[in-house]
Each structure stands twice: as C-alpha cells, then as structure tokens.
Amino acid sequence: MKANQPLVSIITINYNESSVTLAMLESLQFLSYKNVEVIVVDNASPDDDPDVLKSHFPEINLIKSKENLGFAGGNNLGVKVAKGDYLLFINNDTIVPENFIGPLVETLQKDETIGMVSPKIKFHWDPTLIQYAGYTPMNQWTIRNNSIGYHHKDDGSFDKAGETESIHGAAMMVPKRVVEEVGMMTEVYFLYYEEHDWAEMIKRAGYKIYYQPKSYILHKESLSTGKFSPLKTYYIARNRIVFARRNFRPFQLFVSLLFQTFISIPKNTVTFLFKRQFQHLNALWKAVMWNLSNHKILKT
C-alpha cells in the first residue's frame with residue numbers, strides 16, 4: 001500500500017493541550033492512508049508536559065520550541081523537518097475519519113495547478129452541521145470573509161468539489177514543491193488570518209485554492225484561545241488590518257482603512273463600552289496602536 005502512496009507529513013501544534021492532542025493522535029491511528037509521518041510542535045507550553053505525547057505515540061516526531069511562535073511560526077518549524085511530498089496542516093482540536101487523507105492527495109495529484117486544498121469541516125459537537133465548505137472573497141470594506149455552509153445541515157448541498165477563495169487553517173494540504181516555490185507562512189500574524197494570507201501568496205503564484213468535500217474532519221474549535229477572549233479580539237482586530245496592508249491594492253486599502261477608522265472601530269468601541277467588556281476594549285485599541293506603530297513593515 002505504501003509503495004503507491006506519496007509520503008504525507010502531518011503537522012500539528014500543541015499548546016497546553018496534551019489531552020486534546022492525544023485524542024487527535026489517537027484518531028490518526030486508524031487512517032487507511034498509511035504512508036504518513038506525524039510531526040507535533042509544542043509551542044513552549046508553560047502549563048503542560050508534551051512528553052506525554054511521545055510516551056503514548058513514540059512514532060511521532062515531537063519538536064519542542066523554545067518560545068511560543070504562534071500558529072504560523074509553529075507550523076513553519078514542522079515544515080523545516082517535514083520529509084513528505086505533501087504537507088497536511090491540521091489543528092490539534094480535530095478528530096479525523098479513517099479515509100480523509102486519500103481524497104486530498106488525489107485532488108493535488110490530478111491537478112498540479114491546485115496549490116492548496118481543504119476538506120469539508122464539520123463541528124465536533126454536532127457532526128450534522130458544517131463549519132466550512134469553502135470561503136467567499138475577502139470583503140474590501142470589512143476585511144472579512146464568510147465560511148460557505150456555516151451552520152448548515154450536511155445534507156449533500158455542499159458536496160461539490162471546486163475552486164474556492166481561501167483555505168481553512170484547521171485542515172489544509174499543500175504540496176511541498178509549492179511551499180518551496182512560494183515560501184512558508186508569514187509569521188507576523190501569530191494567530192488568525194495567516195492561512196488567508198498564505199492562500200493569497202499561493203494564488204499570486206498562479207495556483208488555485210480548492211475545496212474537497214469527499215474528505216472531512218470534525219473540529220472542536222477555538223480551544224487554545226477561547227471562542228470569545230480578549231486574546232482573540234486582539235489578534236483578529238490587529239490582523240484584519242495587517243491582511244489588508246499586505247494584500248489589498250492601494251485603492252482597496254484606502255477604502256478598507258476608511259471603513260475601519262470611521263465605522264468598524266468606533267462601532268466596536270461603543271459595543272464594548274456598553275457591555276462593560278473593558279478587556280476586549282483594551283485589546284481592540286492595543287491592536288489599532290500596533291498597526292499605527294508598525295506602519296513601515298509587512299509588504300509582500
């Protein structure tokens with residue numbers, strides 16, 4: 001079986017969640033696709049002992065970062081040691097079915113103009129509901145995109161494979177040759193928006209972004225940062241603007257910054273004040289000040 005299968009490097013990040021990562025690693029044991037290597041990057045977990053991962057699954061390659069490098073930096077550590085023809089980046093808070101790798105590899109093998117592919121992503125808490133079935137384009141005003149199929153029933157309506165605007169960081173496969181050509185993920189983001197930025201880099205290199213519903217995963221969602229935490233507020237607010245600065249054309253950028261300055265930021269400020277969510281308010285303005293203080297960096 002392995003002789004006919006290109007090597008897939010499965011890369012995941014652990015941060016203070018060994019029990020969660022163990023559950024994901026357990027699900028990998030039942031893969032029908034056998035030619036894989038598993039790389040776990042521990043992002044300098046301060047309150048966790050990642051050695052438990054190696055003791056339960058001695059076959060994994062456990063990399064211990066000396067500092068928390070964020071999503072992009074942690075995954076990039078894994079890329080540097082990966083031997084696979086295809087790199088599968090997967091969140092540790094996921095559970096995978098046995099047949100989920102094959103359709104992703106086949107998609108990339110059949111069409112070398114595809115630079116990234118994500119499976120259908122469903123919620124772990126209710127596998128009948130979809131989280132991701134592709135993305136809409138990034139809105140030039142709000143610097144947001146929408147996940148197609150979000151919270152819809154998995155009733156077959158989103159089972160058509162095809163090109164999509166962006167990738168989902170919870171599960172994405174990229175040929176190693178594309179990474180070598182385009183480069184790894186940009187580490188300035190730390191958390192959130194880095195996969196969308198990477199998708200833009202890969203599209204500019206002439207490749208397509210693809211959605212493949214023949215494959216799916218179950219996602220527990222936002223365990224590391226919390227579904228609504230000041231940390232998440234900070235990085236999403238900061239990186240929304242970072243994304244626009246790195247990827248929008250001058251007029252698009254002008255329009256989006258006008259919207260952020262006169263509509264989005266004031267609206268969120270008032271909302272946080274009204275709800276007395278002062279930690280979120282502080283996170284929002286910390287994000288704004290970061291962009292004002294780092295105005296000379298970021299261009300691709």
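1. Two rings of Phe, Tyr or Trp count as a pair if their centres lie within 6.5 Å, with the six-membered ring standing in for Trp. With that in hand, here's one to look at: Phe 123, Trp 125 and Tyr 150 make up one aromatic cluster. Bear in mind that this is a predicted model.

2. Searching the whole structure turns up ten aromatic pairs. One of them is Phe 123 with Trp 125: the ring centres sit 5.0 Å apart and the planes are at 40 degrees, so this pair is tilted. As for solvent, Phe 123 is buried, at 1% relative accessibility, whereas Trp 125 comes out at 48% and counts as partly exposed.

3. Next, charges over rings. Arg 238 is placed over the face of Trp 290, 4.1 Å from the ring centre. Lys 286 does likewise with Tyr 234, at 5.1 Å from the ring centre.

4. On to salt bridges, of which the structure has eight. Take Asp 111 and Lys 208, whose closest N and O atoms are 2.9 Å apart. Asp 111 is in the loop between helix H4 (101–110) and strand E6 (114–123), while Lys 208 belongs to strand E10 (residues 208–219), so the bridge ties together parts 97 residues apart in sequence. Asp 111 is partly exposed, with a relative accessible area of 23%, and Lys 208 is partly exposed at 24%.

5. Lys 120 and Asp 154 also form a salt bridge, at 2.6 Å from N to O. Here Lys 120 sits in strand E6 and Asp 154 in the loop between strand E7 (130–132) and strand E8 (162–163), 34 residues apart.

6. Glu 200 and Lys 203 meet at 3.0 Å, N to O. Both are in helix H6, three residues apart, which is about one turn of the helix. Lys 203 is partly exposed, at 25% relative accessibility.

Notes
Residues numbered from 1 in each chain as written. Predicted model: local features only at pLDDT ≥ 70, side-chain atom pairs only at ≥ 80, totals over all residues. Heavy atoms only, no water. Phe/Tyr/Trp six-rings, centres within 6.5 Å; stacked < 30°, edge-to-face > 60°. Buried < 20%, exposed > 50% of the residue type's maximum accessible area, 1.4 Å probe, protein only. Lys NZ or Arg CZ within 6 Å of the ring centre and 35° of its normal. Salt bridge = Lys/Arg side-chain N within 4 Å of Asp/Glu carboxyl O. Helix = DSSP H or I, 4+ residues; strand = E, 2+ residues; numbered from the N terminus.
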